[in-house]
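Please look over the fold below with me.

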Amino acid sequence: MTVAVLDGGTYYHQEAIYGERLGARFDRTIYAPELSSGDLAGCEAVIVADRIHPGVLRGKRPILLDYLAGGGTLIVLGENSAQ
């Protein structure tokens, strides 16, 4: 299974995503503000890290909804206030 994670760029995302404990568990890391539809190609699951700026997530909503419509699995963690 190919698992991608969206990185919001904060220090706690950096520690969780690239740190020793979890870093090797993700096949692809995508900086959320730069997400494009092609970035999700071939991913069976995408993890949206908690506390990514709501404006960024709202702006990427069409990409994420298209990904879901195509059969992908979206895992949204924690607090995000993006509705």
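**Notes on the sheet, helices and cores**

1. Strand 1 and strand 2 run parallel and are joined by 4 bridges. Strands pair here if DSSP finds at least two bridges between them. Helices (H or I, at least four residues) and strands (E, at least two) are DSSP runs, numbered from the N terminus. Ala 4 stands opposite Arg 28 in strand 2.

2. A word on the source. This is a predicted model, where local features need pLDDT of at least 70, side-chain atom pairs count only at pLDDT 80 or more, and totals for chains, interfaces and linings use all residues. Residues are numbered from 1 along each chain as its sequence is written, and side-chain values use heavy atoms, with hydrogens and water left out.

3. The other neighbour of Ala 4 is worth checking. In strand 3, its bridge partner is Val 46. Strand 1 (residues 3-7) pairs with strand 3 (residues 45-48) over 4 bridges, in the parallel sense.

4. The protein has 3 helices and 4 strands. From the N terminus on, the elements run β-α-β-β-α-α-β.

5. How many residues of strand 1 are buried? The count is 5 of 5. Buried means under 20% relative accessible area, exposed over 50%, and partly exposed in between (1.4 Å probe, protein chains only). Val 3, Val 5 and Asp 7 are buried on one side of strand 1, Ala 4 and Leu 6 on the other. In a regular strand the side chains alternate between the two faces of the sheet.

6. The largest nonpolar core has 15 residues. Such a core is a set of buried Ala, Val, Leu, Ile, Met, Phe, Trp, Tyr and Cys residues joined through side-chain atoms within 4.5 Å. Leu 6, Ile 30, Leu 35, Leu 40, Val 46 and Ile 52 have the most contacts inside this core. Strand 1, strand 3 and helix 3 each supply at least two of its residues. Helix 3 gives the largest share, 3 residues. A second, separate core of 6 residues includes Val 3, Val 5, Ile 17 and Phe 26.

7. Leu 40 deserves a look. Leaving out residues up to four places away in sequence, Leu 40 touches Arg 28, Ile 30, Leu 35, Val 46, Ile 63, Leu 64 and Tyr 67. Contact means heavy atoms within 4.5 Å. Across the protein, among contacts with a separation of 6 or more, 65% are between residues 24 or more positions apart.

8. Overall size is as follows. The C-alpha atoms fill a box of roughly 35 × 30 × 20 Å along the principal axes. Buried residues make up 34% of the 83 residues.
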